[in-house]
Amino acid sequence: FFFVPHYPNMSMFVRIKYEKTTFFIHANPEDPIVNLKREVCVTLTDETPQTIRLLLGNQALEDDETLKGLNIANNAVLFMCLQKKDGSGQWEEVNIYEPVYAANEAST
């Protein structure tokens with residue numbers, strides 16, 4: 001475990017997990033959360049920042065909050081869910097798939 005202090009204009013990476021996908025976003029501590037959402041929209045072209053919710057643990061992050069203000073460190077993991085397409089305004093459940101590794105079987 002290493003403590004990485006925040007310095008103004010120091011670049012960092014944030015990992016955003018969604019189902020089987022991990023986005024690696026280059027950011028600055030002063031960046032607002034909405035900037036991370038915009039970066040995700042470059043790949044997920046059917047989405048907008050308004051249809052993306054980012055979470056740190058169980059806490060939904062607000063668009064105007066900054067990484068520094070939320071104490072989000074370099075290489076932090078955020079989770080993403082999307083607004084449901086049914087027009088209800090509700091959000092998907094966070095659903096992250098964990099990799100399954102084959103067990104090493106020794107021949108006998």
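Reply: The cover over the buried residues of α1 includes the strands β1 (12-18), β2 (21-27), β3 (52-56) and β5 (76-82). The structure is a predicted model, and the description below should be read with that in mind.

The buried residues of α1 are Ile33, Val34, Leu36, Lys37, Val40 and Cys41. Around the axis they span an arc of only 155°, which means that they lie on the same side of α1.

Leu36 counts as buried because its relative accessibility is 1%, and buried means under 20%. Leaving out residues up to four places away in sequence, Leu36 touches Val14, Ile16, Ile25, Ala27, Leu54, Leu67 and Leu78. Leu36 also illustrates how folding brings together parts of a chain: 27 residues separate it from Asp63 in sequence, while their C-alpha atoms are 9.1 Å apart in space.

Apart from its neighbours within four places in sequence, Lys37 is in contact with Pro49, Ile52, Arg53, Leu54 and Asp63.

Val34 and Glu62 are 28 residues apart along the chain, with a C-alpha to C-alpha distance of 7.9 Å. Glu62 lies in the loop between β4 and β5. With a relative accessible area of 49%, Glu62 is partly exposed.

The strands may now be considered together. They form an open sheet of 5 strands in the order β2-β1-β5-β3-β4, and the pairing is mixed. β2 and β4 (59-60) stand at the edges with a single partner strand each, so one side of each has no neighbour in the sheet. α1 packs on this sheet, where it touches β1, β2, β3 and β5, and its direction makes about 125° with that of β3.

Within the sheet, β1 has two partners to examine. β1 and β5 run parallel and are joined by 4 bridges, whereas β1 and β2 pair in the antiparallel sense over 7 bridges. Lys17 shows both relationships: it stands opposite Phe79 in β5, and its bridge partner in β2 is Thr22. β1 and β2 form a hairpin with 2 residues between them, and Glu19 in the turn has a positive phi of about 50°.

The largest nonpolar core has 21 residues, of which Ile16, Leu36, Leu54, Leu67, Ile72, Leu78 and Met80 touch the most other members. β1, β2, α1, β3 and β5 are the elements that give two or more residues to this core. Leu78 has contacts beyond its neighbours within four places in sequence, among them Leu36, Ile16, Leu54 and Ile72.

A final remark concerns confidence. The protein chain averages a pLDDT of 83, and 80% of the residues score at least 70. Over residues 1-7, however, the pLDDT is below 50, and this stretch has 8 contacts in the model beyond near neighbours in sequence.

Key. Residues numbered from 1 in each chain as written. Predicted model: local features only at pLDDT ≥ 70, side-chain atom pairs only at ≥ 80, totals over all residues. Heavy atoms only, no water. Buried < 20%, exposed > 50% of the residue type's maximum accessible area, 1.4 Å probe, protein only. Contact = heavy atoms within 4.5 Å. Arc of directions from axis to C-beta. Pairing = 2+ DSSP bridges. Axes fitted to C-alpha atoms, helices over the stretch in contact; angles between N-to-C directions. pLDDT = per-residue confidence, 0-100. Core = buried A, V, L, I, M, F, W, Y, C linked by side-chain atoms within 4.5 Å.
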